[in-house]
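Student: Could we go through this model together, one question at a time?
Tutor: Gladly, let's have a look.

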Amino acid sequence: MSFQTVNPATGEFVKEFPLQSDEEVRAALDTADRLYREDWRFRPVAERARIVARAAGILREKHDEYRDLLTLEMGKVTRFGDFEVDLVADILDYYAQHGEKFLAEQELPDEPGAKLITEPIGVILAIEPWNFPFYQLVRVAASQLVAGNVVLMKHAESVPQCALAFARLFEEAGAPEGAYTNLFCSIDQIGTLIDDFRVRGVTLTGSERAGTSVGERAGRNLKKAVLELGGSDPALILPGARLDQAVEQVVMGRTYNSGQGCVNIKRVIVVGTERGEQMLAALKDAFDAITVGDPTDEETQVGPLASERALDGLLRQIGEAEDAGGTIVTGGSRVDRPGFYLEPTIITDITEDNPLYHEEAFGPVLSFYVVDSEEEAIRLANATRFGLGSYVFDADIEHAQQVAARLEAGMVFINSCFADSPSRPFGGVKNSGFGRELAELGIGEFLNRKMVKVTQ
């Protein structure tokens, strides 16, 4: 095992980075823990926030350099890379600006002489994926550094240059050694870190399997975990929905980031046979018109998948779905060009015994369903072990909100696809995990809310 850059747009190997030794990993933890105990936790919030704000400024100054790394290592389409870099800078600024307010002491109005003091807890270990190589990191780093915790970051093996570049942000911003530490370490070394008492919290974004392993190990060590484990996000197209609006948003919501997003729209559920036929025909036309190609080309809408393994996994899922009776309406094949490209795909006739009914397709593959009633749409939307995002389309906003209240999800969007914001909490329920990132909820996940009671 090693960390490697392979260009998804061409399939070409670029660079390799060796794993750190056990001694190097232990030394990184020693340094982080020492900094936390002797320095970082005692600095004023405003001082920590200034460093995070400087990191935002550096990122904006080097915007193109960071954007191009996203394209090189995971094949991100350039304009989506622009958006990610801007969003990451915004998140850094958000916590720099709001940290003092979020961490302020609170009086307990029903308990005279009592107050809550907010304190950090120590070293936070983060394990993050490749699909948003900077955004996934900042959701942990910005809030926890402002809070006074220190961060050990294990990034995905396929984006090592992004991992190093993000760590440089804080170094250049003046963060002391140990505040934010990038690790090139193995699964076994991650387990050893979770077992170490000095690591006080663990957060992971990844698969159910990874979440089960990390959550079990964290629980066995009596330490807090935040897990974000993906979704099978449904879009309900109710009878009052504007089909043109729904089609536009579904196409964007399914193909954004080449479909490689935990909260991308993955299932469309249309109420009514006739409207289902209209929606399917419009989606097919839209998918057939999508430009798949070089992620640096301005005309490209869908770039490569991040790896050949990801492409092979989706092709396997498509084949199994078809074998189980699913109908491929459009797409379904690898694009005949170098790199890891998949045709945007729509699959219908998916029954409950079809593997795709229960799985998350992490790429430009859309499952399409037609049902007879709103009740059936809600049941189908909730008939998944996941519960991350959901979408409701209807001209009657009040009614759409009533439907949203019945969906088992951590986030519901009405008449739009997902759009992220520093001030909007992110997270799910059921097997999509637990805990929240971003907004005030995100900074609060790894804090000690200490009650102090004074009696005269």
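Tutor: To start us off, Leu 152 stands opposite Thr 181 in S7. Keep in mind that this is a predicted model.

Student: Which helix does the chain cross through from S6 to S7?
Tutor: S6 and S7 (residues 180-183) pair in the parallel sense over four bridges. The β-α-β crossover between them is right-handed, and its helix covers residues 160-173. That helix is H6.

Student: How many of the residues of S6 are buried?
Tutor: Side chains in a regular strand alternate between the two faces of the sheet. On one side of S6 are Val 150, Leu 152 and Lys 154, on the other Val 151 and Met 153, and all are buried. For S6, residues 150-154, the count is five of five.

Student: Lys 154 carries a charge, so why does it count as buried?
Tutor: Buried means under 20% relative accessible area. The side chain of Lys 154 also meets that of Glu 157 in a salt bridge (2.9 Å, N to O), and Glu 157 is partly exposed at 26%. Lys 154 counts as buried because its relative accessible area is 9%.

Technical notes. Residues numbered from 1 in each chain as written. Predicted model: local features only at pLDDT ≥ 70, side-chain atom pairs only at ≥ 80, totals over all residues. Heavy atoms only, no water. Buried < 20%, exposed > 50% of the residue type's maximum accessible area, 1.4 Å probe, protein only. Helix = DSSP H or I, 4+ residues; strand = E, 2+ residues; numbered from the N terminus. Pairing = 2+ DSSP bridges. Right-handed = clockwise from strand over helix to strand, strands pointing away. Salt bridge = Lys/Arg side-chain N within 4 Å of Asp/Glu carboxyl O.
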